[in-house]
Structures are given as structure tokens and as C-alpha cells.
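Please open the model in your viewer and get your selection tool ready. We will go from stop to stop, with something to select at each.

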Amino acid sequence: MKNVLFKTTLFSLLLLSFFGFSQNVPLSKEAKISVITCGLGNESYTFFGHTAIRVLDPVNNLDIAYNYGNFDFRTPNFVAKFAKGDLQYFVSAISFAEFLDNYTSERRSVFEQELLISPELKQKLFDQLNTTLFSDNRYYTYKFIDKNCTSMVVDVINTSLKGKVIAKKHDTDITYRSILYPYFDGHFYEKLGTSIIFGTKVDQLGTSIFLPFDLKNSLEETTYQNKPLAGKTKTLLLFEKETPTSWWNNIYTYLILLGFVVLAHNKLVDKIYLLILSLMGVFFVGVGFYSFHQELAMNYNVLLFSPLLLILIFLSIANNKRWTYRFALLHLLFLVAYIFVMINKAHFVIVLPIIITSGFVLVRVAIRNKKRIPIII
């Protein structure tokens, strides 16, 4: 979902201001309104594609793209607001030619699906877009699943059609986490990171449209008043997505690092490994309480990335063998519980090497600190 600074072209502003912001621009009978789906990219904000609405009216010389996926990097405390989940996104309008040029330069495909609705409904949808564009309602609080550039397009169209006309048609029997997985091909550590930072919400069945190609595929099978809602998909730009290769961002470096921890059999290496896991756990717990993003709440991955490992490390440094042993056993129990929680989850395989590595390290810590019973002859 493309995140860019708000910009409305001079062309669009002059044309719309000619009619007055508070007045509706009358569309001609030749006007067409389409849903635009943009292809995947290799930047983190482009992994899932993008959705926009196109309004084309050759009689009025209108060709505008309405884009709900914008935010402003100049927002005060930008990073904190983004992490907390109260960053304001907004809708913008630019000429469609400029919109298409952006995706041409990024070598990302663009697909168009014209909405086969009456001129009255086109006018209603167009009026609603403009009313939102030039009011405070153009801002909304972004939510990864529930409110994004795609879900906002679904909402504005459904509102104009007075019903939940557009609904998800595929993959409603698998989880959001499973739906997201294929989008991370070629981005191993991004896949690992989202796997362990997301909580229980993404393990719910993916019944809502929240990704651009979800909407595209659903539109192809959606009917309205016993007729197809959208025409046949047109390809405006077509590029083959290039899967990146990296010497470090792959499963091999991941396995090599964890293999080193297992084979090193070194107290310092074990402590550093457990420290990294514990600090990640502190972060997960902190962001879970701090953030409004429901996807980050109730994160059972803290059973693996336990903040209590900090206590284990402190006890080990203090040479408190009894309690170091007990905390090592406690975390082995956490590990067993985590395996039972994870066994049917989409990200089980990707975190399995960490589970195995943690098992080796915790067993070693327990053995080193187990109180030996003296043998009396």
C-alpha cells in the first residue's frame, strides 16, 4: 500500500474549485468509475500492493485517481504515532496520468476494473469522494487489517450502493497470517519479524477484505442487482515482479547464526542469545500495551521471547545456581506450552529453529546449575 505525501495536482484542484468545493461536479453520461489495483513491490510499504479509485470523464476532461493510502512524514512524533497506531492517513487526488507514471517508474503492474453501475450511482460515489476529499473526514486512523487503502475503498463503494455488496469471496477459511505469508517471498527477515510481532488477531479467519488483490479477486465475482458489479479486468501496466536476492536476508544466515549458538556451547554466547530473546520479549509486551494496533496485542510469542529471561541472566551472573536452575526449568515449560500453542499456526516452521536453539541453551543452563548430590561411600 503506497504511502506518499499528500498532493493534489493543480489540474484537479482548478477543475474542482471551478465548481466550488461545497458543490458537486456533474458527471457526463460518458463518465466511468473504476477500481485500480497496483502490483507488489520490494519496499516494505509496497509488499501488498495498493488500491485506488479512478474517475474518468472525457466530456469534462476529468481523469483523477483517489488514493486513501497517504500519510505525512512531517507529522510531529511520526515514529511514535505510527507505532502507537494513531497516525492519521488521508485521501488525496492526483491526475491519473501522474498516478500511472509513478507505477511505471516503480515497474509495478496496474489493473483496472470498471464499476458497471448507473450514472446516478456514479454521481453519488463521485460526490462522496469529493465531499470526503475536501473535509476533515479525509483523515482516518490507519489499522493494518480494519482500515487501510483497500478497506476504505470497499467502504466508500458499499456506502454508495447502500449495502455490503462487496464482500470477500476467497480464502475465508484460512487465517490472516496465512494470507499474508506469500507476500513476503524474497524477504525472509520481514516474514520472520511479522510472524513474531503479531498476536492473536492475525490468527483469526480472514473474512474481511484488507489486501488489494483480495478486493480485485472478489470484484471479479461480485454481482449487484443480479448483474456483475465490475467489468472484465483490464491490464494497464504489466511488469514481472522481481524477487530480490540478498546474501544476508535469507534462511541460510538465520540457520547459520542459530547453529553457531547451538554448537558454540559457550556460557557467554548463551547469555547473549537469551539477552536478545528477552529484550525482544520486553519490546513485544511494551508495544502490546502501548499500541492501539490490535494486531500487536495478546502476543503469545512472549512464551518464546520471554522478558523473564532477564531474571534468568541476572541470577546466572549472580551465581545463584538454585534459582538459575529453577528459572531455566520454568522457561523449558514455557517452551513446551509454546509448542502446543504454535503447532497449528502458519508461522510454526519459521520459528521452529529458534524453539530448538532455545531448548538446547536452556537445557545447558539447567545442567550447569543443577545442584549435584554428593555421593557418600
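## Stop one: charged pairs

Start with Arg 54 and Asp 63, whose side chains meet in a salt bridge, 2.8 Å from N to O. Bear in mind as you look that this is a predicted model. Arg 54 counts as buried because its relative accessibility is 11%, under the 20% limit. Asp 63, at 22%, counts as partly exposed.

Next, select Arg 177 and Asp 203, another salt bridge, with the closest N and O atoms 2.8 Å apart. This pair links distant parts of the chain, 26 residues apart: Arg 177 belongs to helix 6 (residues 176–180), while Asp 203 lies in the loop between helix 7 (188–197) and helix 8 (212–219). Both partners, Arg 177 and Asp 203, are buried.

Then move to Lys 216 and Glu 220, where the closest N and O atoms of the salt bridge are 3.2 Å apart. Lys 216 is buried at 11% relative accessible area, whereas Glu 220 is partly exposed at 47%. The count of salt bridges comes to nine.

## Stop two: nonpolar cores

Which residues have the most contacts inside the largest nonpolar core? Select Tyr 66, Tyr 68, Leu 115, Ile 157, Leu 229 and Leu 274, out of 92 residues in that core. Helix 13 (residues 348–369) gives the most to this core, with nine residues.

Zoom in on Leu 229: among the residues it touches are Leu 115, Ile 117, Leu 161, Val 165 and Tyr 224. Finish at a second, separate core of twelve residues, including Cys 38, Ala 65, Leu 100 and Val 110.

How values were computed:
Residues are numbered from 1 along each chain as its sequence is written. This is a predicted model: local features need pLDDT of at least 70, side-chain atom pairs count only at pLDDT 80 or more; totals for chains, interfaces and linings use all residues. Side-chain values use heavy atoms; hydrogens and water are left out. A nonpolar core is a set of buried Ala, Val, Leu, Ile, Met, Phe, Trp, Tyr and Cys residues joined through side-chain atoms within 4.5 Å. Buried means under 20% relative accessible area, exposed over 50%, partly exposed in between (1.4 Å probe, protein chains only). Helices (H or I, at least four residues) and strands (E, at least two) are DSSP runs, numbered from the N terminus. Contact means heavy atoms within 4.5 Å. A salt bridge is a side-chain nitrogen of Lys or Arg within 4 Å of a carboxyl oxygen of Asp or Glu. Lists of a residue's contacts leave out its neighbours within four places in sequence.
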